[in-house]
Amino acid sequence: MYARLIGTGSALPQTEVTNDALAQRLAQDGIETNDEWIRTRTGIEARFLADASLGEGTTQLAVLAAERALAAAELTPADIDLIICATTTPDQIFPSTACQVQAKLGAAGGAAFDVQAVCAGFLYALNVADSMLTSGKFKRALVIGAETLSRVLDWKDRSTCVLFGDGAGAVVLEASDDAGILACKTYADGRLGTDVLGLTGHLDNGVLAGDPFIRMDGRQVFKCAVEGLSTSGKAVCDEVGVDPSDVALFVPHQANLRIMTMVAKKLGIDMDKMAKTVACHGNTSAASVPLALDVAVRAGNVNKGELILLQGVGAGMAWGSCLLRY
Ligand code: UT7
């Protein structure tokens, strides 16, 4: 029994903000940055930012992405008995984003819950969904990554605020005898914790305690990301008995083109096979992998029967890779 990928979808907020536009906006607060720095250090050229006044938020983006994935799979919400949403920026603490998505889709009856593993969230959600489908307990899952990280960025901290964007991506997985997910491995090292990448803000007796913004030691994260993605990518390929160069579509976490390029080189994967939506989306955390996957699938960059390698990494530190046959 496999969990087979049968549909993808994604959604972005309406407002695109280029590096130049962002630099101009930050300059009004005396923060200096520029397109050249952002592009050469990260590969990012623009990002989409949610606007609450337009009704945009994590749940709304998740619902849109889910509807598009269901349409691609030619299914209706009633066909889904499991919804897992990976998010670090839910619109509210509870009920979970997955339960809100379930209600808005009209898919009541199955199980729905969130997974919180920050930028590795989609890989974790995929691994959980794979286990639940191949156990025989569930038939069809919607696995979503959705974020509005713009709400937790310190717009006066140029070392983080230029990096992130908002969006959502979703996949439909079905329990099947035909090949689908072949290997999925997730890892964490909690010792590389809040000091490396964290957001300590929380509610305490009705008031906000801690720091409400993302803080990051970029260089440390960079090193961990290259190591975690390279080793986990190799591990899933070894488990299946294929060489990473056999992969037709490589979708690493879209955080930094330099990280992605180094990982592709270490794994021996041709750069032409790599999804590179970081340029137009920035880092959308748990949404980045399903968003990039959907763009690649819709562009016709992978054919049925070919191998896809998905990878996520982020705060925790947490990371993982998934090898699947499309
Ligand atoms: O999803 C997982 C989460 N995050 C990541 O994967 C991010 C991983 N890390 C990175 O992508 C990179 O480390 C960064 C893009 C964040 C930073 O690149 P870097 O090459 O490691 O630069 P740096 O932090 O060492 O900073 C170099 C310089 C500093 O100036 P000085 O001290 O050399 O004078 C910074 O102050 O660049 C300066 N700087 C900026 N300059 C213009 C930092 N941010 C900016 C900015 N614009 N936005």
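Predicted model: local features only at pLDDT ≥ 70, side-chain atom pairs only at ≥ 80, totals over all residues.

**Notes on the ligand site and backbone**

1. Asparagine 205 deserves a look for its backbone. Its phi is near 50°, a positive value in a residue other than glycine. Most residues other than glycine have a negative phi. Asparagine 205 counts as exposed because its relative accessibility is 79%, and the cut-off for exposed is over 50%.

2. Valine 118 also has a positive phi near 50°, and it too is a residue other than glycine. You will find valine 118 in the loop that runs between strand E5 (111-115) and helix H5 (121-134).

3. Now for the peptide bonds. Most peptide bonds are trans. The bond from phenylalanine 94 to proline 95, however, is cis, with omega near -5°. Proline 95 belongs to the loop between strand E4 (82-86) and helix H4 (97-105).

4. Glycine 316 and methionine 317 are likewise joined by a cis peptide bond, here with omega about -10°. Methionine 317 sits in the loop between strand E14 (307-314) and strand E15 (318-325).

5. Which residues come closest to the ligand? Of the 22 residues around it, the closest are Thr33, Arg219, His253, Asn256 and Asn283. By class, this shell holds 11 nonpolar, seven polar and four charged residues.

6. An N or O atom in the side chain of asparagine 256 is 2.7 Å from an oxygen atom of the ligand. Tryptophan 37 places a polar side-chain atom 3.1 Å from a ligand oxygen. With glycine 218 the backbone takes part: one of its polar backbone atoms is 3.0 Å from a nitrogen atom of the ligand. As for burial, the ligand taken alone exposes 960 Å², and the protein buries 75% of that.

7. The ligand takes up the space of the second largest pocket. The elements giving two or more residues to the shell around the ligand are helix H2 (35-42), helix H6 (158-161), helix H7 (218-240) and helix H8 (257-267). H7 gives the most, with four residues.

Notes. Residues numbered from 1 in each chain as written. Heavy atoms only, no water. Near = heavy atom within 4 Å. Polar contact = N/O pair within 3.5 Å; in protein donor to acceptor, adjacent residues only side chain to side chain. Areas by Shrake-Rupley, 256 points an atom, 1.4 Å probe, with all protein chains shown as cover. 1 Å grid on protein atoms, 1.4 Å probe; cavity = no way out; pocket = protein on both sides within 12 Å on 5 of 7 lines; lining within 4 Å. Sits in = over half its atoms within 2 Å of the grid points. Nonpolar A, V, L, I, M, F, W, Y, C, P; charged D, E, K, R; others polar. Buried < 20%, exposed > 50% of the residue type's maximum accessible area, 1.4 Å probe, protein only.
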